Amino acid sequence: MRGWMRPLILSALILGAAPFTAGSALAQNTGNQNTGNQNSGKPAAGKEAPPKEAPKTVAGSAIAQAPFAEQPFPLQDDGTYKEFMGAAAADINRRCTKLESYGWEFKKGDDARRDQILESTLGGFRKAGWKMGEVKVRTIRDPGTTAYTAEKAKQRLLAVWTPMEDAAVLLLCETEAAQATKK
């Protein structure tokens with residue numbers, strides 16, 4: 001189920017920040033394609049493929065300590081999300097420390113479901129005490145992708161919401177003030 005979602009999500013993020021991530025993402029994908037396995041994904045003779053487990057979802061964000069009304073799939077990062085969020089955080093003079101990435105699937109073109117997932121997710125953050133606000137980030141060029149900052153006590157988060165036709169991604173990072181550069 002999630003196997004098809006990852007390339008789609010990566011493509012959407014790369015398009016959103018194409019000048020920043022395209023080169024490194026393509027290099028990473030090229031390296032991953034040449035694994036040296038000559039069996040083309042088939043199990044070795046005499047061995048059965050392990051049974052596929054149902055995809056696991058998560059109840060909430062560990063960083064934000066906020067529940068998800070609509071439980072997403074945790075997404076694995078090959079470094080692309082970290083790089084993307086690092087650039088986005090730098091645009092608002094912050095630096096990402098911890099990173100989480102989540103994905104939701106729904107029927108193609110179901111805008112109401114996509115919007116409901118976003119609203120319930122933002123609502124969960126607000127109920128957990130986070131003050132949310134939309135922020136403009138220069139490196140995000142996709143008009144459908146939205147960045148938010150969240151503040152609670154002395155903690156600050158950066159969240160990037162990327163909707164697609166049949167899936168949505170939320171990248172979330174805890175941030176701290178960016179280090180001043182020496183001139």
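**Figure 1. The disulfide between cysteine 96 and cysteine 173.** In this predicted model, a disulfide joins cysteine 96 to cysteine 173, with an S to S distance of 2.1 Å. A search of the whole structure finds one disulfide. The pair links distant parts of the chain, since cysteine 96 lies in strand E4 (residues 94-105) and cysteine 173 lies in strand E8 (residues 167-177), 77 residues apart. The torsion about the S-S bond of cysteine 96 and cysteine 173 is about -50 degrees, so the disulfide is left-handed. Both partners can be judged against the 20% limit for buried residues: cysteine 96 has 17% relative accessibility and counts as buried, and cysteine 173, with 0% relative accessibility, also counts as buried.

Figure 2. Of the 183 residues in the chain, 40% are buried. Among the contacts in the chain with a separation of 6 or more, 63% are accounted for by residues 24 or more positions apart.

**Figure 3. The surroundings of tryptophan 161.** When its neighbours within four places in sequence are left aside, tryptophan 161 is in contact with Trp104, Arg114, Ile117, Leu118, Gly144, Thr145, Thr146, Tyr148, Ala168, Val169 and Leu170. Of these partners, Thr145 and Thr146 are also among the residues that line the largest pocket, and Ile117 is the subject of the next view.

**Figure 4. Isoleucine 117 in helix H4.** Isoleucine 117 is found in helix H4, and at 0% relative accessibility isoleucine 117 counts as buried. Not counting residues up to four places away in sequence, isoleucine 117 touches Glu70, Trp104, Phe106 and Trp161. The C-alpha atoms of isoleucine 117 and glutamine 71 are separated by 9.1 Å, although these two residues are 46 residues apart along the chain.

**Figure 5. The largest pocket and its lining.** About 160 Å³ of space lies in the largest pocket, which is lined by Glu134, Val135, Lys136, Val137, Ile140, Asp142, Pro143, Thr145, Thr146 and Ala147. Strands E5 and E6 each supply at least two residues of this lining. By residue class, the lining divides into five nonpolar, two polar and three charged residues.

**Figure 6. Threonine 139 in the loop between E5 and E6.** Threonine 139 is found in the loop between strand E5 (131-135) and strand E6 (146-152). With a relative accessibility of 10%, threonine 139 counts as buried, its value being under the 20% limit. The C-alpha atoms of threonine 139 and alanine 90 are separated by 9.4 Å, while the two residues are 49 residues apart along the chain.

Figure 7. Phi of glutamine 65 is near 55 degrees, a positive value in a residue other than glycine. Glutamine 65 is found in the loop between strand E1 (60-61) and strand E2 (66-67), and at 61% relative accessibility glutamine 65 counts as exposed. Asparagine 93 has a phi near 60 degrees, again a positive value in a residue other than glycine. Its place is in the loop between helix H3 (80-91) and E4, and at 55% relative accessibility asparagine 93 counts as exposed, the limit for that class being over 50%.

Terms used: Residues are numbered from 1 along each chain as its sequence is written. This is a predicted model: local features need pLDDT of at least 70, side-chain atom pairs count only at pLDDT 80 or more; totals for chains, interfaces and linings use all residues. Side-chain values use heavy atoms; hydrogens and water are left out. Helices (H or I, at least four residues) and strands (E, at least two) are DSSP runs, numbered from the N terminus. Buried means under 20% relative accessible area, exposed over 50%, partly exposed in between (1.4 Å probe, protein chains only). A disulfide is a pair of cysteine sulfur atoms within 2.5 Å. On a 1 Å grid over the protein atoms alone, a cavity is a set of points where a 1.4 Å probe fits but cannot get out, and a pocket is an open set with protein on both sides within 12 Å along at least five of seven lines; lining residues have an atom within 4 Å of a point. Grid points are joined across faces, edges and corners, and a volume is the space filled by probe spheres set on the points. Ala, Val, Leu, Ile, Met, Phe, Trp, Tyr, Cys and Pro count as nonpolar, Asp, Glu, Lys and Arg as charged, and the others, Gly among them, as polar. Contact means heavy atoms within 4.5 Å.
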